[in-house]
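Q: Please go through this model term by term. For each label, set the value against its cut-off and then conclude.

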Amino acid sequence: MNGSWRVRLEAAFWLLPCAAYFVFPDYLVLGSQVLTAALFVVSLDLILGYAGIVSLGHAAFFGIGAYTAGLLAVYGWGEPVTGLILAGALAASVGYATSFLVVGGEGLTRLMVTLGIGFLFHEAANQASSITGGMDGLSGVSMWKLLGLWRFDLSGKTAYVYSAVVLFLVFLLARRLVASPFGLSLQAIRENERRMPAIGAPVQRRLVSIYTLSAALAGIAGALTSQTTEFVGLESLSFERSASALIMLVLGGTGRLYGALVGTCMFMLLQHVFSDINPAYWQFWLGLLVALIAFFAPGGVLGSTTRWLDAMSFRFRRGSGGPA
Amino acid sequence: MASFLGIVFDGVAYGSLLFLISVGLSVTMGLMKIVNLAHGVFAMFGGYLCVTLMARWGVPFLAALPLCFAALGLAGAVSERLLYRHLYSRSQLDQVLFTIGLTFMAVAAATYYFGPTEQLVELPPALRGQVSVLGLELGAYRLFLVALVVLLTVALGYLVERTRFGAQLRAAVDNPSVSAGLGIPVERVFCLTFALGSGLAGLGGALGIDVLGLDPTFAFKYLVYFLLVVAVGGAGSVSGTALGALVLGVFDVAGKYYLPEAGAFIIYALMIAVLMASPAGLRGRRL
């Protein structure tokens with residue numbers, strides 16, 4: 001695929017959420033759930049897909065963002081954009097503080113530390129029920145008008161457009177980032193963490209930076225969710241949320257930003273259709289799907305498609321006899 | 001003082017159960033470098049098998065236990081040959097995802113066949129009630145549990161330290177490729193170890209119905225505990241796993257009794273502290 005085609009394809013992709021706004025006006029609430037989830041999955045892709053840090057506790061930052069924005073609104077500051085920024089900043093500082101625990105270890109240790117951090121925050125929010133509402137969740141989140149102009153309406157128009165714009169801006173940032181020398185050095189660390197110091201790359205510092213940034217974006221995703229749903233549940237910090245984000249990312253394909261978006265759409269739509277039928281069945285088929293993908297198609301949908309396209313074009317080029 | 005000793009004893013009983021279930025996970029993680037998040041599934045189905053055997057075929061509790069061990073051991077061997085074998089050379093992410101997928105399926109299947117309710121087990125009369133030991137009132141079942149696990153641990157220690165299979169296992173943990181070069185059938189050692197670990201988990205699941213409870217969420221609810229035990233104890237080390245399980249068991253029970261408002265906070269913080277101080281766990285080698 002050459003450059004101009006790529007840009008056209010990307011533009012076409014981003015027309016989809018715009019088109020969905022007009023084509024499915026009754027599904028805007030589901031739509032903004034997909035968009036906020038996608039933002040969270042993009043943040044996970046930055047550390048997992050690019051830097052190779054498998055995290056089982058990324059929901060910690062999502063939840064911190066969600067509770068920050070929610071609590072701000074409950075205690076009288078319902079301005080959405082500043083809430084978003086504050087939530088991102090708080091999640092980033094927690095991410096920075098915990099990043100040293102995470103990047104210090106490797107392999108199983110790292111996995112366990114992320115899991116432990118996730119459970120720690122979940123338990124903290126559960127115990128501090130006087131502040132967070134505990135199991136019942138935090139209700140009474142009421143947002144001011146977005147930019148002082150648009151009210152958050154029941155049909156979810158404002159929420160949808162707000163989520164879409166935030167996702168698009170974050171995506172542009174992430175897209176720029178992963179193509180930068182910094183992003184390339186992350187991928188090199190993912191490929192071989194031991195060899196990178198030999199060419200003078202400060203591995204620990206790079207990993208701390210991306211982990212902090214990813215935490216900030218996860219916090220923004222959490223804040224966006226609590227602002228658009230006007231509710232924060234304990235579930236926003238749960239292991240299930242971390243695991244499902246991981247699954248969404250892998251469905252689409254790790255290490256490619258569009259994989260995060262495609263995977264989230266697939267997951268959320270499948271969930272919407274199947275869990276209406278029976279939640280236990282949904283869980284079974286989801287498990288089967290994940291196991292099959294991990295077993296047979298490690299690159300997810302986009303990875304497998306790309307491989308298939310490459311193989312096709314290789315065969316095509318060989319068939320025509322021209323030089324590759 | 002008496003209540004303190006009672007709590008320590010409860011913690012030890014709890015820890016010995018955790019040890020029984022986690023030891024297979026620890027050895028397979030150390031030996032095959034595989035992150036098996038579906039390990040709790042073996043324990044869960046051990047529990048369900050025990051309940052089914054007792055309720056439907058009237059098998060007595062004590063006779064059901066070895067059957068659970070054997071059945072889950074066989075299931076472990078089969079799944080190792082069919083599924084896990086292909087994961088050894090894969091990335092950690094693939095292993096995590098595949099085994100999470102398996103767990104989701106198992107939880108859904110358990111909900112489908114056994115219903116979402118908590119299962120109960122009818123203990124034989126000799127194991128009910130309290131026993132007075134040196135002036136302490138101890139639960140008879142917990143005493144039985146500790147005694148059984150001590151016996152099994154001694155047997156396991158003998159197996160690992162004194163037998164030919166144990167020597168092969170230790171060599172394979174240290175360096176699989178060199179061991180294979182020396183003619184040790186590493187694949188068979190892998191398979192037998194996996195089967196033994198699954199069987200012990202199944203036995204632990206059956207023994208744990210009365211202590212841990214049993215419902216379809218078991219596989220996820222206690223997974224964290226099993227992983228904590230392995231992480232704290234150190235993957236690949238039997239004695240480390242025992243130590244980790246006892247430490248966690250005692251801290252968890254004591255924490256819930258003395259500091260209920262802290263909840264499960266204590267053990268997560270404990271784990272992170274241990275991993276910070278020694279990334280490979282208390283007794284483990286670096287993975």
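A: A residue is buried if 20 or more other C-beta atoms lie within 10 Å of its own, exposed if 12 or fewer, and partly exposed in between, with C-beta atoms placed from the backbone. On that count, 48% of the 324 residues of chain A are buried. This is a predicted model, in which local features need pLDDT of at least 70 and side-chain atom pairs count only at pLDDT 80 or more, while totals for chains, interfaces and linings use all residues. Residues are numbered from 1 along each chain as its sequence is written, and chains are lettered from A and ligands numbered from 1 in the order in which they are written.

Q: How many helices and strands does chain A have?
A: Chain A has 13 helices and 0 strands. Helices (H or I, at least four residues) and strands (E, at least two) are DSSP runs, numbered from the N terminus.

Q: What makes the radius of gyration of chain A agree with that of a compact globule?
A: The radius is taken over C-alpha atoms, and the globule rule is 2.2 Å times the number of residues to the power 0.38. For 324 residues the rule gives a value near 20 Å, and chain A has 20 Å, so the two agree. The C-alpha atoms fill a box of roughly 70 × 50 × 40 Å along the principal axes.

Q: Why is A:L234 called partly exposed?
A: A:L234 has 19 C-beta neighbours inside 10 Å, and therefore counts as partly exposed. A:L234 lies in the loop between α9 (203-229) and α10 (239-252) of chain A. Beyond its neighbours within four places in sequence, A:L234 is in contact (C-beta atoms, placed from the backbone, within 7 Å) with A:A125, A:N126, A:G134, A:M135 and A:G137.

Q: Why is α2(A) called roughly perpendicular to α10(A)?
A: The axes of α2 (residues 28-50) and α10(A) come within 9 Å and cross at roughly 75°. Axes are lines fitted to C-alpha atoms, for helices over the stretch in contact, and angles run from 0 to 180 degrees between N-to-C directions. Angles under 35 degrees count as roughly parallel, over 145 as roughly antiparallel, 65 to 115 as roughly perpendicular and the rest as oblique. The pair is therefore roughly perpendicular. By class, their contact has 9 nonpolar, 1 polar and 1 charged residues; Ala, Val, Leu, Ile, Met, Phe, Trp, Tyr, Cys and Pro count as nonpolar, Asp, Glu, Lys and Arg as charged, and the others, Gly among them, as polar.

Q: How do you know that the span of α3(B) agrees with expectation?
A: The expected span is 1.5 Å times one less than the number of residues. For the 22 residues of α3 (residues 61-82) of chain B this should be 32 Å, and the end C-alpha atoms are 31 Å apart, which agrees. Its buried residues, including B:C68 and B:F69, pack against α2 (39-57) and α8 (186-212) of chain B.

Q: Which element gives the largest share of the side of chain B that touches chain A?
A: In all, 35 residues of chain B are in contact with 31 residues of chain A. The largest share of the chain B side, 17 residues, comes from α4(B). By class, that side has 28 nonpolar, 5 polar and 2 charged residues.

Technical notes: Two residues are in contact if their C-beta atoms, placed from the backbone, lie within 7 Å.
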